[in-house]
Amino acid sequence: MLRFWNNPEFVRHRRAELRPARAITVAAVVVLMCVLLGIACWSFEQAQLDRGQRAEQGFARDTWLLLYYWLMGLQGVALTFWTLSSCAQSVSGERDRKTWEFQRTTGLTAAELLVGKLMGEPILVYFAVACAAPITLIAGRAGFRWAPWFQFSCSSR
Amino acid sequence: MIEFVHLRKEFDNVLAVEDLSLAIPPGEIFGLIGPNGAGKTTTIRMACGLLAPTLGRALIAGVDVAEEPERAQQNIGYLSDFFAVYEDLKVWEYLDFFAHAYKMPGAEIPARITEVIAQVNLEVKRDAMIGGLSRGMKQRLGIARAIIHRPKVMLLDEPASGLDPKARLELRNLLRGLRDQGATILISSHILTELEGFCTSIGIMEKGRMVRSGSIEEVTAAAASQRRVRLSWAGNSQAVVEEKLQRDPRVSEVSLAAGAGTFRFSGSEEDLAPVLAGLVAANVPVTSFGEVKQTVEQLYMKLSTHEVM
């Protein structure tokens, strides 16, 4: 089986879905959504503080933690549903476009086609998740959830 | 190169292809003719491994398509009547995808892409998105896809369907070029003029059965129990011509007008020579004399109505 990054079906999806203009747009939208989500999390914690429903201590950490949970949840949902739906529609889409027959007449095996479609069809979701990943990592670290060594170093001060 | 052995395909209770046996030697251009529903597409789809035969075998370059589809498909270039392309790819990306899918050596691919793009005259569209191409260009791209891996066999199912006359002419020239390069081509069509002067042999299918197949000459000979001959002469020799022709028992349906005419002849091509010699000996100044060749369309009309069966 071809390695997936050399898999023709994966390369085709990568080329078609991740053209520079689209990639930049997706990255910008993801970063903007993360920023808006961060502001929403901060507003929520601030409102609780204002209403006296939480202590001032640990405010920043809890805000990061909330953002981290939201980002992880949203990415999980996107990966699960978007990936499943795009993979499910992949073969039917090929059939509708009548390109499925041509794929079947190439030397690609069923396994290569499967890997290519699983890795390639949802590539825009993978890219969006990859764009959100650094922000998720920062939120996780700051929320003392992602890196135990960071939690340890902070608590030992 | 292409061989069908007692090929049969049934869909539920519908018999699409019945006991089809055919051998197409290398370098042959075989035209599969027949009305819609005759079984042409089913035959081609079985030949390229898209359909499994109910019975029988399809062999491409000696490889059984049903048993070793991937190996057989390395030798097959398949083109259908629909313009199925990935509209969100560039022309060169589309060909690159199929070149890799056919597992061509990576180092060879860029040069091969340039070569086939030039072959189908799409050089100026190399970096264009496929979605912006015309139908004719998309079909040419389809041909480029079908030949990218240098297949020994081309299976073309109504390749000119939906093309304008100019695009059809271009397609014809392109296929002629492939023929000259030694490809074996099986082409199905119900636009019979497309196959005229292009195929070296034809097969006529009806209701899933091969009514007649062979070289154009063989099928013509089989279909033409009587040759139709046209002649012309100078001067006023109509009476002499009529008299000479009527004397020959193999001549019938003589139709003469001023300076020209036709008749039917039941003998062989060689038997025609004495007829011409007789006219010349009778001092008829013959200016032309020859058999009226039947077009593929005439042949098809004749055979499909079972006149010779």
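**Exercise 1. The second largest cavity**

Find which helices of chain B each supply at least two residues of the lining of the second largest cavity, and which helix gives the most.

*Solution.* Remember as you work that this is a predicted model.
- Step 1: List the lining. The residues are B:Gly136, B:Gln139, B:Arg140, B:Ile143, B:Leu163, B:Ala167, B:Glu170 and B:Leu171.
- Step 2: Pick out the main contributor. Helix 5 of chain B gives the most, with four residues.
- Step 3: Think about the spacing. In an α-helix there are 3.6 residues a turn, so residues three or four places apart point the same way.
- Step 4: The lining has four nonpolar, two polar and two charged residues, and the cavity holds about 30 Å³ of space.

**Exercise 2. The largest cavity**

Work out which chains line the largest cavity, and which helix gives the most to its lining.

*Solution.* 
- Step 1: The structure holds two cavities of 30 Å³ or more, and about 40 Å³ of space lies in the largest cavity.
- Step 2: Read the chain letters. Chain A is represented by A:Phe102, while residues from chain B include B:Leu79, B:Phe82, B:Phe83, B:Tyr94 and B:Arg145.
- Step 3: Find the main helix. Helix 5 (residues 135–147) of chain B gives the most to this lining, with four residues.
- Step 4: Sort by class. Here the lining has seven nonpolar, two polar and two charged residues.

**Exercise 3. An enclosed helix**

Decide why helix 1 (residues 40–47) of chain B can be called largely enclosed by the rest of the structure.

*Solution.* 
- Step 1: Recall the cut-off. A residue is buried when its relative accessible area is under 20%.
- Step 2: Name the buried residues of helix 1 of chain B. They are B:Lys40, B:Thr42, B:Thr43, B:Ile44, B:Arg45, B:Met46 and B:Ala47.
- Step 3: Conclude. Because seven of the eight residues are buried, helix 1 of chain B is largely enclosed.
- Step 4: Look just beyond its end. There B:Gly49 takes a positive phi of about 85°.

**Exercise 4. A serine in a loop**

Locate B:Ser237 and find what this residue touches beyond four places in sequence.

*Solution.* 
- Step 1: Start with the domains. In chain B, domain 1 covers 2–222 and domain 2 covers 225–300; their C-alpha centres lie 41 Å apart.
- Step 2: Locate the loop. B:Ser237 lies between strand 11 (227–233) and helix 9 (238–247) of chain B.
- Step 3: With a relative accessible area of 11%, B:Ser237 is buried.
- Step 4: Name the contacts. Leaving aside residues up to four places away in sequence, B:Ser237 touches B:Val284 and B:Pro285.

Notes. Residues are numbered from 1 along each chain as its sequence is written. Chains are lettered from A and ligands numbered from 1 in the order in which they are written. This is a predicted model: local features need pLDDT of at least 70, side-chain atom pairs count only at pLDDT 80 or more; totals for chains, interfaces and linings use all residues. Side-chain values use heavy atoms; hydrogens and water are left out. Domain bounds come from an automatic or database domain assignment. On a 1 Å grid over the protein atoms alone, a cavity is a set of points where a 1.4 Å probe fits but cannot get out, and a pocket is an open set with protein on both sides within 12 Å along at least five of seven lines; lining residues have an atom within 4 Å of a point. Grid points are joined across faces, edges and corners, and a volume is the space filled by probe spheres set on the points. Ala, Val, Leu, Ile, Met, Phe, Trp, Tyr, Cys and Pro count as nonpolar, Asp, Glu, Lys and Arg as charged, and the others, Gly among them, as polar. Buried means under 20% relative accessible area, exposed over 50%, partly exposed in between (1.4 Å probe, protein chains only). Contact means heavy atoms within 4.5 Å.
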